[in-house]
Every structure is written in structure tokens, then in C-alpha cells.
Amino acid sequence: MPEKGENQSCLLYRSSFVLQWRLHMLTGFVFLVMVFVWSLDGVTIKSVVKSRRLTKQYLTMKPHTQHPLTNLTEQRQQQQETLQNFSSITKNITADSPLAQETNGNHTSAPPSFNTVLNNDKNVSFPQSHSDGVLEDPAPGRHQPGGNVKWVSTELEPNLTTFLLSRWLAPGGEPCRESRTVEIVIPGLDGKDSIELTAGDRHEFVFQALDGSKNLVCLGGDYFETDLSGETWKSRPLVRDFGNGSYSISLQVHPDFAGDYNLTVILLYRHFEGLKFSPWRFAFDKQLRKFQIKFVKGHTQLPKIETCQKSDFIRDLWLGRWTRYGKNDGCQISNDGRYRCLAPDFPCQSPWCSGSLGLLESNGWVYSSHCSFRLFSADSAWNCLKNRWIFFWGDSNHVDTIRNMLNFVLDLPQIPSVPRRFDMNFSNPNDASQNVRITSIFNGHWNETLNYEGFNSLADEGFRNLLKKYFSEDTLPDTIIMNSGLHDGVHWRNLRSYTAGADYAASFWKEVMDSVRQRGLAVPHIFYRTTVATGGYARTLQFNPNKMEVYNWVALEKFRQAGLVTGVIDDFDMTFPWHFDNRCNDGVHYGRGPAKMKWRDGEIGHQYFVDLMLAHVLLNAMCSK
């Protein structure tokens, strides 16, 4: 009996040991799975231990100036050492080459190399005192003779994608590079009872990111949403990232629109967290500042904006504005959901547009950028498009734009909708001899009823063959309007995989266009329409503005490198001023058909003029000489 008891004890001990071993193995396996899932979002074990702090570094805009902010005397005494270090940084910034660069006309400063110290005397000209964080005309070539000032502009940096991917794995190291922004300080604007600026001049204010303890953040890549709005002006001020936790914001308003404005600064994402696969987990989305600013007329003169010509569409990035020269305060939505606030023949005001502003049904708003746009009547639009073939390849915003063009511009209101995939001929109702062929191929998925593939839709052989078929005949489209982004934001796990998808898409279309050339035929003009700035609730989703803007940059670079792009239509810049809520969008579409019914924001009806403006911009691109 004792021997039997001893054997049983031994067996129980061994059984308990096996169970514990299996439990440890199971626990280890679950832990590895969790680490793997987190790694899909680029989150490392180190970031988990440190409250998911990111160690990757991202940059955005090419710095033309060093940060002049050297005096933060209001900081607490315990921060003196940090501030002294920051002061030395602002005098000699070690610049990591950013993603985009500012230009002024034909003047573009050379991009700095990695880990080189910029020379203040060589690159910029500062005023004697700049401790207030204000840069007035900090770069050479900004003023023209006779007191004229150039419009603020920006462009993509060469080799943008290569640089961005190289920064993806950049280490953090220093505590200030591990910290996360929760606040900013803008010495040139903070604490002032009244702010008055001269209209026409370019006013650049530098600001610094701070963490929750008011310590300086010395890593760039935060995504700030900015808005400058007045009664008759609405635009997105340019933000430049110096890569060390310091930024600048540039304000410029035409003297014709002097008056009272609100400047709003929102921190949407930190350290490019919007690029992650599940960005809603990282959204900060906090309004950090709202200033009241008065712009007063001075003696500054800005170059007159001319009507867009074909060459104007070469520019990759636009910095436009919406302006207003008419308003009907008593305008009500009609039973068909439309806003006929101004008479159809209400004229545009030069130089901001030409044609009839009332046709836009915007209650006086119109968009312009480095050039202004013609608003087409039905007759002028048909004269442009007659006997032409327009080919669309992109997301469902194309579907809305085509329908709006047919209904509002080409005088075909009897067409309530168009499908995601179609190939049809349309005739002028007033002149049967005028026809236009429009083909639209949805690229959100190779199956037109599904979504969330984007560029990856080209992985399907049947879909590729469908596209090739339209370019294998003797008659070819005159113009191709391309777009991708919203569905890519959901499909691709990270920027690296999206870059590979954009590369493949560019190589596919290059192969198609090369086959056209080999047959001795004229290659269609290709315009790349950038993806919209998603609005309201969608600002924190997988197709958020932070991600869509970077995806736009990468796609443009890849398609330009393949020699495909004739011109660019920057719909991201056009939609951004209206993306803060859902009044002009349902989150991802700006052109849903008018309807007198409850909209996403709870109001009856919605505004559709932003997408209708895009339809006119497309006509400008196709019809300009």
C-alpha cells in the first residue's frame, strides 16, 4: 500500500508538471500572437512597455529657414537646461531632409543633405530681433521689385518616397524624441489681446511642440490641421516641419479680402500615427489654438491670378483658397435638395473666376489656386467635349463627379445616377451632333460590387485585361482621369506595402501606354486627381487626411517617375477647407446628389458645390490650351 501511494504521488507530480509546462507554453504562445498583432501596426515591444510611445521619425515639409524661436523665458525654472539646448538647435538645425519644399515662383532653395547643419547666413535672412517667433519675409526672392509680394507655394521634394521609407525605422533614443506632443507654444501669437496683420504680406509664425509636462518635443512629424476663415475667405495655411519638434505656419490673405478672421490649429495625429493600419487608436484630434486676427489693407501688391492654362496643371501641390463675392442670407433648400441661392447668371468677379458664379450653387463661394478657373455653361462645355472620349479610373468620387457634370454642367438632369463601371455615349440635348463618350472603371476592387483593394485591384488578371482592352483598339481615349487612395487606406498594412502597390500600378499603366506608342498612336493626356480630404467622423479612420495626403504624394511621385502624368488636379487642397465637418461631405464623398432629407450631420439636405467645382476644374484641365 505505501508503495502504491508513492507511485500515485509520483504520477500526480508528473501530471502537475506537464500541466504547468503546457500552461507556460500556451501563455507564451498567446503573448507572441499579441506581439505579432501589435507589430502589424508598427508597434514594438519597447513601445508597449513605454505606453506605446513611437520611436519612428517622420518629416513633412522642406525647411527653408532655421527655427528662430530662441526665447521661452516664461517656462519654468526646471526647464532652463532644455530651453538652452533648444536655443542652440534653433540657431543651427541639423536637418533631416523633409518631404516637401516651399517655393516662391522660380526660386527653390537646394535641399539639405542628411545630418548637415544649415547655415543661417546662407539660406535665410533674419530680422535683427526674432525672439517673438515671427518671420517676416525670411527667405530671399520672396519680394519682387516695387513692393510686390509673391504668393506662398510649395512642391514635393525629389526622392520623397525613398526618404520617407528610410525614416520609417529611424530610432528615437533621446527622451525628447520619445515624448508625445500634447500642446504647442506660439510666441508670435500667444498671449496677445489683439492681432493685426497686413493683408497681402506673408506672415510666418514659428511654434514648438510640448509634451504633457511642458517639456520640449524634439521629434517632428505631428499632423496639424489648420484653417483660416473669414466671411469671404477660407483656406488651409501652410505648415512646415523642421524635424526637431518645431514648426511654422504661414498666413497670407489678399488685400481685397481684408477683415476679421479666425485661425484654428488642431493636432490630429502625433509622429505620423495617421499612417498606421488602425489609426483611430492613435487619433489625438484636439483643438490647440483659435485666434482672432484682423487683416488690414496696406501697400502690398500680389501678382494678379490669371485664368488657368494647360501649363498650370503641371504643379503637383496647390495652395488655393475659397473666396466669396455674393451671398443670399435667406437662401433655403428646394424640394429637390438644391440650393439656388444666386441667379444662374450671377457673374464671377475677376480675377477669382470667370463665367456665371450662380451655376455653382455655392451661395457665392468659388475656388482658385495659383490660377483661377472658368465656370462652364452648357454650351461651352459641349463645345469642349464634343466628339471626345474621357476615361476615368479611380474611386467612387469619380462616379459622383461624372453624374454632377452630366446633371449640372451638360444639361442632362434626367440621369439620376451612373454605375461604378460603365462605357456610354451622351448627346447634347440641344444639338444631337455633339456627343461625348465617357468610360468609368472603379478601382476600389476588381469586383465592382466590393471595396477596399485600391491599387491592389490590379492583382486580378481579369481586371487588368479589362483595362487593356480599352487601349488595344484603333480609337483611344483623349483624356484619362486617374485616382486612388480611399480604398488603399484600408487595404495596405503600412506605407512600405502601399509604395509597392503604387509602384506596380505605375508600371502597369506605363506598359499600357508603351503599347500605344509602339502602335504609332497618340498617348492620351493623363491627369492625376488627388484623393479628397476625408471629413468629419472619417478624419480618424483608415483613410484619414494624414494618410491620404502622404499616399497622394507617393502615388504622384511613382506615376511621374513612370512618365505618365500630364497634369495634376489637387482635389485634396480643394476639399480640405470643408473637411472639418460633414456639411459638404458624407465623410468620404463630396458630390452625393442633392436630396431634401436628413443628412449625416442631422440637418436637412447637404452642400454639393465642392464636387461641382471639381467638375469645372476637370473641364479647365481638358479644355485649356
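**Ground rules.** The model is predicted, so I take local features only at pLDDT of at least 70 and side-chain atom pairs only at pLDDT 80 or more, while totals for chains, interfaces and linings use all residues. Residues are numbered from 1 along each chain as its sequence is written, and side-chain values use heavy atoms, with hydrogens and water left out.

**Entry 1: helix α11.** I name helices (H or I, at least four residues) and strands (E, at least two) as DSSP runs, numbered from the N terminus. I looked up α11, which covers residues 495–518 and has 24 residues. Its first and last C-alpha lie 34 Å apart, close to the 34 Å expected at 1.5 Å a residue. The expected span is 1.5 Å times one less than the number of residues.

Next I checked burial (buried is under 20% relative accessible area, exposed over 50%, partly exposed in between; 1.4 Å probe, protein chains only). The buried residues of α11 include L495, Y498, F508, W509 and V516. I then looked at both ends. N494 caps the N-terminal end, with a side-chain oxygen 3.1 Å from the backbone nitrogen of R496. After α11 comes G520, whose phi is positive, near 75 degrees.

**Entry 2: the sheet.** I traced an open sheet of 6 strands with mixed pairing, in the order β21-β22-β20-β23-β24-β25. Two strands pair if DSSP finds at least two bridges between them. β21 (421–428) and β25 (567–569) stand at the edges with a single partner strand each, so one side of each has no neighbour in the sheet. The twist averages 20 degrees from one strand to the next.

I took one pair in detail. β20 (residues 388–394) and β22 (residues 431–442) run parallel over 7 bridges. G394 stands opposite F442 in β22. Helix α9 (residues 461–469) packs on the sheet and touches β20, β21 and β22. Contact here means heavy atoms within 4.5 Å. The direction of α9 makes about 155 degrees with that of β22. Such angles run from 0 to 180 degrees between N-to-C directions, with axes fitted to C-alpha atoms, for helices over the stretch in contact.

**Entry 3: disulfides.** I found 5 disulfides in the structure. The term needs a pair of cysteine sulfur atoms within 2.5 Å. Counting bonded cysteines along the chain, the pattern is 1-2, 3-8, 4-5, 6-7, 9-10.

C176 and C218 are joined, S to S 1.8 Å. This link is right-handed, with 75 degrees about the S-S bond. C176 sits in helix α6 (residues 175–178), and C218 in the loop between β9 (203–210) and β10 (223–230), 42 residues apart. C176 is partly exposed at 22%, whereas C218 is buried at 13%.

C331 and C341 have their sulfur atoms 2.0 Å apart. Their link is left-handed, at -75 degrees. C348 and C353 are also bonded, at 2.1 Å. The torsion there is about -110 degrees, so this disulfide is left-handed. Both C348 and C353 are buried.

**Entry 4: around C341.** I went back to C341, in the loop between β16 (321–324) and β17 (353–355). C341 has 10% relative accessibility and counts as buried. C341 touches N328, C331 and N363, leaving out residues up to four places away in sequence. N328 is 13 residues from C341 in sequence and 5.8 Å away in space, C-alpha to C-alpha.

Terms used
A polar contact is a pair of N or O atoms within 3.5 Å; within protein, one must be able to donate a hydrogen and the other to accept it, and residues adjacent in sequence count only if both atoms are side-chain atoms.
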